[in-house]
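Please open the structure in your viewer and keep the selection tool at hand. The tour moves from one selection to the next and states what is found at each stop.

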Amino acid sequence: MASVAPPTPTQPPPPAAVPPTPTPAAPATSVVPASATSAQAQAAFSQILPLELIDECIGSPLWIILKGDKEIVGTLLGFDDFVNMVLENVTEYEKTSTGIKEIHREQMLLNGNNICLMVPGGPEGVSDDEDDETQDL
């Protein structure tokens, strides 16, 4: 007698391919209102990110105001994503009860967590006299 092979289960046909739902394409450019001036239109298309601005300051003087009563003026050598900075030719100004204390350093590594404000170009043109400001008005 011949042996009979067990029947093989038939596999169901693969599901029919469903075409993907078309999604609307994003516009290629920003939409600027018709009432916008050319300066506003250009501002809408050109943005500068904070780290890009700091990158442009490498090799130039910076005036940095820190948390507390300290200010630093120095030349920016480099920085990282946390805005930790390496500065050279640094002058540190600390406000004390007896006046302003100046400390000069050749190089400094500054923790970016302490920075409140940075002014590219250094403190040139900044005056402590309030009279100078009122004369221009």
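Begin by selecting Glu124, which is placed in the loop between strand E5 (115-120) and helix H3 (130-136). Helices (H or I, at least four residues) and strands (E, at least two) are DSSP runs, numbered from the N terminus. The model is predicted, so local features need pLDDT of at least 70 and side-chain atom pairs count only at pLDDT 80 or more, while totals for chains, interfaces and linings use all residues. Residues are numbered from 1 along each chain as its sequence is written, and side-chain values use heavy atoms, with hydrogens and water left out.

Is Glu124 buried or exposed? Glu124 is exposed, with a relative accessible area of 60%. Here buried means under 20% relative accessible area, exposed means over 50%, and partly exposed lies in between (1.4 Å probe, protein chains only).

Next, select strand E2 (residues 70-79) and strand E3 (residues 85-96). E2 and E3 pair in the antiparallel sense over eight bridges; two strands count as paired if DSSP finds at least two bridges between them. E2 and E3 form a hairpin with five residues between them, and Val83 in the turn has a positive phi of about 60 degrees.

E3 and E4 pair in the antiparallel sense over 11 bridges and form a hairpin with two residues between them. Centre the view on Glu92: Ile72 stands opposite Glu92 in E3, and the bridge partner of Glu92 in E4 is Ile103.

**The charged network**

Keep Glu92 selected and show its side chain. Which side chain meets that of Glu92 in a salt bridge at 3.1 Å, N to O? The partner is Lys70. A salt bridge is a side-chain nitrogen of Lys or Arg within 4 Å of a carboxyl oxygen of Asp or Glu. Lys70 lies in E2 and Glu92 in E3, so this pair ties together parts that are 22 residues apart in sequence.

Glu92 also forms a salt bridge with Arg105, the closest N and O atoms being 3.2 Å apart. Salt bridges that share partners join Lys70, Glu92 and Arg105 into one network. Glu92 is buried, with a relative accessible area of 6%, whereas Lys70 is partly exposed at 31% and Arg105 is partly exposed at 38%.

**The nonpolar core**

Select Ile64, Ile72, Leu76, Met85, Leu87, Leu110 and Ile115, the residues with the most contacts inside the largest nonpolar core, which has 14 residues. Such a core is a set of buried Ala, Val, Leu, Ile, Met, Phe, Trp, Tyr and Cys residues joined through side-chain atoms within 4.5 Å. Strands E1 (61-66), E2, E3 and E4 each supply at least two residues of this core. In soluble globular proteins, nonpolar side chains tend to be buried together.

Not counting residues up to four places away in sequence, Ile115 touches Ile64, Ile65, Leu66, Val83, Met85 and Leu110; contact means heavy atoms within 4.5 Å.
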